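Subject: Handing over the two-chain model

Hi,

Here is the structure I promised to pass on to you. Have a look at it first, and then read my notes below.

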Amino acid sequence: MIEGILIGLTTALTLQNILMVMLGCFFGTIIGMLPGLGPMTAIALMIPITYGFDPATGLILMAGVYYGAVFGGSTSSILLNAPGVPGTVATSFDGYPMAQQGKAGKALAIAAWSSFAGGTLSAIYLLFLAPSLSKVSLSFRSPDYFALMILGLTAIAAFSSKGQFLKAMMMVVLGLMLASVGQDSLSDITRFTFNNMNLTDGISFVLVVMATFAMSEALTIILKRNDPTSAAKQVSLTELGSIKINKEERTKLYKTIPRSSVIGFLIGVLPGAGATIASFLAYGMERNIVNDEEKEKFGKGSVNGLSAPETANNAACSGSFVPMLTLGIPGSGTTAVMLGALLGFGVQPGPRLYMTNPEIFWSIIMSMYIGMVILLILNLPLIPYIARILAVPKNYLIPLILFFSITGIYVMSFNNFDIYLMIGIAVVATFMRLYDFPMPPLILAFVLGGLMEENLRRSLLLSNGSWEFLWDRTLTTCILLTTILIVVWHIYKTMFKKTKG
Amino acid sequence: MNINTTKVISLLFFIFSAFYLYTAYQIQVFAFDENAPFNARTFPIYLGYAGLFFSGLKLILPDPNTIKVQHKTLEYKKTAILIVIAIIYGATILEVGYFLTTSLFLFSSYYFLGERRWVLMFLLSFPFVAAFMYLLHGVLDIYLRDPFLQSIGVMG
């Protein structure tokens, strides 16, 4: 392994490759900040450029873009409540309220440090655990994935609902329903398209996330303009605040970061799970671990609530490289795009990559760490400038959010039907938000819908239509028992609270 | 009579789930797939029942955390105007082109939100869109159809 690390360092520390990481991080941050343009778009745009380089340099550039875009996505989550990627949705739960309280600079600094620490720790885990972790991820079967997704959805419904579990579960079902629109992945049969060709490919993720977060947020701000409570919130939005993290906050981060990085990394290793589940689970876990006083702050600008998903999503980014590099199975949508690029270079990922192209394997791992350092150096001093976006008056900011949202959709499909659909979903979402129907469960369900159906299909086909697969394997049963425990505990807690009241 | 809006939303969701379930049963599957343990309609059918279950529970169970929205303080008019402008933007973007429609969308949105600083409004619409368009079209190589700019010879 030492030899591998040295090979990686030698490759990653060439002037050209350091420059590539820097450029990747910078452009990634800029693109990731624009709502609608996430890491997948950023990396896809980079593919033609990388073909001019050798595979290691090309992949180092893409890895830099990936981290930069994830960090940029967090920035737009915190400042605009407009997460461009699903992995940063959980960041907005506490990041945006912090920005509303005039602590935008602090929120961005916490996000930067958490991302850095999460990425650094996971790069270390990756170094030591990559070979054995690939075996663990191989042992996961379809029933386990199905159970894991049920767990993820139940957890987010339980933890983000603020006592309104049924409302959150309704949003989960709505998200899964939206995901079922379009062609069935196996038989190509169209579902819920009502003979409209525009719906054949389904509804795009970016469209749903833009409509339910960015656009509906913008509409809610206008709608509540004369509301004295929200007006007060908007005034404080123009205040940046200090980027300094005090001792008390640092103490919180020291506890949150290590545990969230472990969760993030482990979830990231599972093919298909990725940064989204990692960030939501880390957020949920953190909320459970902290004391009652801190728990009350969740959703209102909690330091732990911001740090946990931010650490986990970056840790998951590194984790998702494990199945891609060792098994040839992408751990996330973004690594799927990178896998395509890798194949384009003529490199076949898999267990033999260690032997056939050690410089690629190790240089990517090494450049991940270098990328994290550069991202921190680049972004921390720029925070005051990045946060200037908050100083834009609402009369300008709202149309600009709408403009970025609509452009994000338009450049993806060049189809005005998508714009109408986005406006429609945004109007419904705005109305539901008024009555405290939470949007994050809908988003997670929408992202997981296709995967969940696929794993249920495989499980049912393998068990000849019997639901016995749910208790056939110990791992599946354990995950489902955890889900049941969460639900029972949540109901008990609500009832106990009521009795107490 | 005071109607709880959350219950009304739950009722609408219940009706929507019933319609979704009905449509799920109508999904045409291949003849050989009809009795398979899993086909294109299996998952949507489960979802339909799940929707009925959760919205039904929300309807039946008492709602201690009733949300009261102060409708009088809400800016329905401005929100509706902005939605209409966005729909017009969507309807004209393909025919007229990205530059003009986006600039006009931004300019009119600023105006209807109460802004009257004309120079700033202009700078943050036409030149801003031109710069953004250059970034997308010129730098990132994302093709943006624009019949208006083509007609005046600015774009090839």
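I started with one helix of chain B. In α4(B), the buried residues are Y98(B), F99(B), T101(B), T102(B), S103(B), F105(B), L106(B), S109(B) and Y110(B). Please keep in mind throughout that this is a predicted model.

What covers those buried residues? The cover includes α20 (394-413) of chain A, and from chain B it includes α3 (76-96), α5 (118-123), α6 (126-139) and α7 (147-151). The helix also passes a simple length check: α4 of chain B runs over residues 98-112, and at 1.5 Å a residue its 15 residues should span 21 Å, which agrees with the 21 Å between its end C-alpha atoms. After α4(B) comes G114(B), with a positive phi near 105°.

Chain B as a whole

Two domains are assigned in chain B: domain 1 covers 5-68 and domain 2 covers 73-151. Their C-alpha centres are 39 Å apart. The mean pLDDT of chain B is 88, and 96% of its residues score at least 70.

Where the chains meet

The contact between the chains involves 54 residues of chain B and 49 residues of chain A. On the chain B side, α1 (5-26), α2 (42-60), α3 and α4 each supply at least two residues. Which helix gives the most to that side? It is α3(B), with eleven residues. By type, the chain B residues that touch chain A divide into 34 nonpolar, 14 polar and six charged. For the complex, the predictor reports an ipTM of 0.93 and a pTM of 0.74.

The nonpolar core

The largest nonpolar core holds 179 residues, and M62(A), M210(A), A278(A) and M422(A) have the most contacts inside it. Helix α4 of chain A, residues 55-80, is the element that gives the most to this core, with 15 residues. Chain B takes part as well: domain 1 (5-68) and domain 2 (73-151) of chain B both give residues to the core, so the core lies between them.

Chain A as a whole

Chain A has 24 helices and two strands. Of its 501 residues, 60% are buried. Among contacts in chain A with a separation of 6 or more, 79% join residues 24 or more positions apart.

Confidence needs some care here. Chain A averages a pLDDT of 79, with 83% of the residues at 70 or above. Where in chain A is confidence lowest, and where is it highest? The lowest mean, 47, belongs to helix α10 (residues 228-237) of chain A, and the highest, 93, to β2(A). Over residues 231-237 of chain A the pLDDT stays under 50, and the model has ten contacts beyond four places in sequence for this stretch.

F192(A) is not a glycine, yet its phi is positive, at about 55°. F192(A) sits in the loop between β2 (190-191) and α9 (205-223) of chain A.

Is N464(A) buried or exposed? With 9 C-beta neighbours inside 10 Å, N464(A) counts as exposed.

S459(A) lies in helix α22 of chain A. S459(A) is buried, as 25 other C-beta atoms lie within 10 Å. Leaving aside residues up to four places away in sequence, S459(A) touches S142(A), P143(A), F146(A) and F469(A). From S459(A) to L253(A) the C-alpha separation is 40 Å, and the two are 206 residues apart along the chain.

Lastly, K300(A) is in the loop between α13 (292-297) and α14 (303-319) of chain A. With 14 C-beta neighbours inside 10 Å, K300(A) counts as partly exposed. K300(A) and E454(A) are 154 residues apart in sequence, and their C-alpha atoms are 36 Å apart in space.

Best wishes

Note on methods
Residues numbered from 1 in each chain as written. Chains lettered and ligands numbered in written order. Predicted model: local features only at pLDDT ≥ 70, side-chain atom pairs only at ≥ 80, totals over all residues. Helix = DSSP H or I, 4+ residues; strand = E, 2+ residues; numbered from the N terminus. Expected span 1.5 Å × (residues − 1). Buried ≥ 20, exposed ≤ 12 C-beta atoms within 10 Å, placed from the backbone. Contact = placed C-beta atoms within 7 Å. Domains from an automatic or database assignment. Nonpolar A, V, L, I, M, F, W, Y, C, P; charged D, E, K, R; others polar. Core = buried A, V, L, I, M, F, W, Y, C linked by C-beta atoms within 7 Å. pLDDT = per-residue confidence, 0-100.
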